[in-house]
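The questions and answers below take the structure shown here and set its values against the definitions.

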Amino acid sequence: MVIGTGGGEGFTSEAQVSQRGRKTFKPYVPTSNTPPAEWVTRAEKVKEAFIHAYGAYERHAFPHDELFPLTNQSRDNFNGWGVTVYDSMDTMILMGLTEEFDRALAHVSRTNFTVVRDFTVHANHQLSFFETVIRYMGGLLSAYAFSHELVLVGKAEELAAALSPLFDTPSGLPWYGFYTKNGAIYNLTRSAMLAEVASCQLEYAYLAQLTGKKEHYDRSARIWDTLRKVNLTETGMLPLRLNITDGRPTDNSSSVGGGADSAHEYLLKYYLMTGQKDYTSIDLYMRSVNHVFEKMLYHTPRRGLLYVAEIFGHDHKRAHRLEHLSCFFPGLLALGVHTIPDEIFTNAAHTYTTNQTRLLSYNLKDLHTWAATGLAETCWRMYAEQPSGLGPESVNMFPPHLKFEGKRYGAESGLWIDTLDKWNKMGRKGVPPGTEEKDLENSSLRDYQVVRTNYLLRPETVESMYLLWKVTGDPRWRERAWSVFLAIEQRAKTESGYASVDNVALFEGGWKNEMPSFFLAETLKYLYLTFLDDDPISLDKWVFNTEAHPFPVFDWSSWEKHTFGIP
Ligand code: DMJ
């Protein structure tokens, strides 16, 4: 079922046979610099991949939500309004695919957001506010920012009207969603996942800026008001769950992985999108990252692979687990290093670290840079060390104090900051711990265990590679992104599109019958932008929402400040 692409580097030559006789993908990491003309060709290859994926969707699944790439069927898993069309529009515009975009626009202009289609799943299917905002509204607004087609803003407003009952809560945090059958509000409990209630502020603020309507601004502002009041004494950063009624934490867990991820992302990105004036969001961002450095950033005992552990329960237990979803975090740190003014780094070191005085031994911007590099290195190793060349959905890292063959490995606590302190006290010899380039695979040292073996066509690792490439200019990140693209072509491409891979430990065979819309919105977009020589989305002028839909940076005008009540 899976087919090679032909042309360019042959995939057979990229494969090698391991000692056990199993074919493995050999990561493409050239030692010399790839010539500029080759990067043009590589960007073209990604565009061809997009055409292959979207063409298959149009032929076999349009106007439904997503393609089943193994059986040429479709599903309506995100309200049935054609989520793949919405999620793909801005990528089409970036790639110059005007005919596809014109067809997409015609579809969008016909959508009726009050009718929710739900053919394939059980009758009481729920519309998810989070997914609807990041994919549909994000897609509409970003396509508008690129094309200035007014119908797109009109449709974003219609969508906002359809979603408005979900904001009827005392805290202003939105409900999870509603039943598609009868529109009744859906929330299993009043305890909501952080990411689901705090990842819409970019979309609503930009919609307010485009339309001049206060009601949209208020959606976003009320969420910030509630988040600002959350007591962080127990968790140090916004907790994984909040009460939808009063906005109080309902547990003591903290994480940068699934359920929390994009909320942390929106702290920095809201500050950036609104012209670096919103001190609530940047303050929370800096506090959260300080907390990560102090309590959550670990390295493995043998190879020093950096990762962010999760904290859970009242006794603050650690889960030494790394999800693919968390691999957005190094890119976010790199974006912050590039954009946040030095005074903010200086203030964050002095003002927010009453229990964290050890951070004062460092320039905080350096810490952000080192952590970004080390974490991205780990995410890359997760790909490079699998026979498929693709990264798994989650791994368990070997915990600190590991004893292996009678030998004790690593620093005592496993906390990065402890090891960094030793390095600091010893006169800072060599590169900061955790940031070293790791050896190619040596399975006897591989200090993690793959737990969830699938690769779901997710973007987070290539997103971080894109941001590290743009921020540092280090060509390693670009070359590694190319390696990931080759592995996707080798392993996930089907006659009709691309399919999630069951087991990254296998060089061949085993797919899931799905092509998520974020593959076109995010994975292919970040790869394309990484290989493109131009920089159409300058990080100083654009901010990507969590579904990789870029919104322009703007300053609120005096009229907007006055009308919306912006301080
Ligand atoms: C996307 O829908 C978004 O990036 C979201 O924030 C998290 N997960 C998926 C892709 O993995």
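This is a predicted model: local features need pLDDT of at least 70, side-chain atom pairs count only at pLDDT 80 or more; totals for chains, interfaces and linings use all residues.

Q: Why is D76 called buried?
A: Buried means under 20% relative accessible area, exposed over 50%, and partly exposed in between, with a 1.4 Å probe and protein chains only. D76 has a relative accessible area of 1%, and therefore counts as buried. This residue lies in the loop between strand 4 (73–75) and helix 3 (83–95), where helices (H or I, at least four residues) and strands (E, at least two) are DSSP runs, numbered from the N terminus.

Q: What makes the pairing of the D76 and H64 side chains a polar contact?
A: A polar contact is a pair of N or O atoms within 3.5 Å; within protein, one must be able to donate a hydrogen and the other to accept it, and residues adjacent in sequence count only if both atoms are side-chain atoms. The side chains of D76 and H64 make such a contact at 2.8 Å, and the side chain of D76 also reaches the backbone nitrogen of D65, at 3.1 Å.

Q: Why is Q276 called partly exposed, whereas L457 counts as buried?
A: Q276 has a relative accessible area of 25%, and so it is partly exposed, whereas L457, at 0% relative accessibility, is therefore buried. Q276 lies in the loop between helix 10 (261–273) and helix 11, while L457 is found in the loop between strand 18 (448–452) and helix 16 (460–472).

Q: What makes the phi values of Q276 and L457 worth noting?
A: Most residues other than glycine have a negative phi. Phi of Q276 is near 60° and phi of L457 is near 65°, each a positive value in a residue other than glycine.

Q: How do you know that the span of helix 11 is close to the expected one?
A: The expected span of a helix is 1.5 Å times one less than its number of residues. Helix 11 (residues 279–296) has 18 residues and reaches 24 Å from its first C-alpha to its last, close to the expected 26 Å. Helix 11 is also mostly covered, with 15 of its 18 residues buried.

Terms used: Residues are numbered from 1 along each chain as its sequence is written. Side-chain values use heavy atoms; hydrogens and water are left out.
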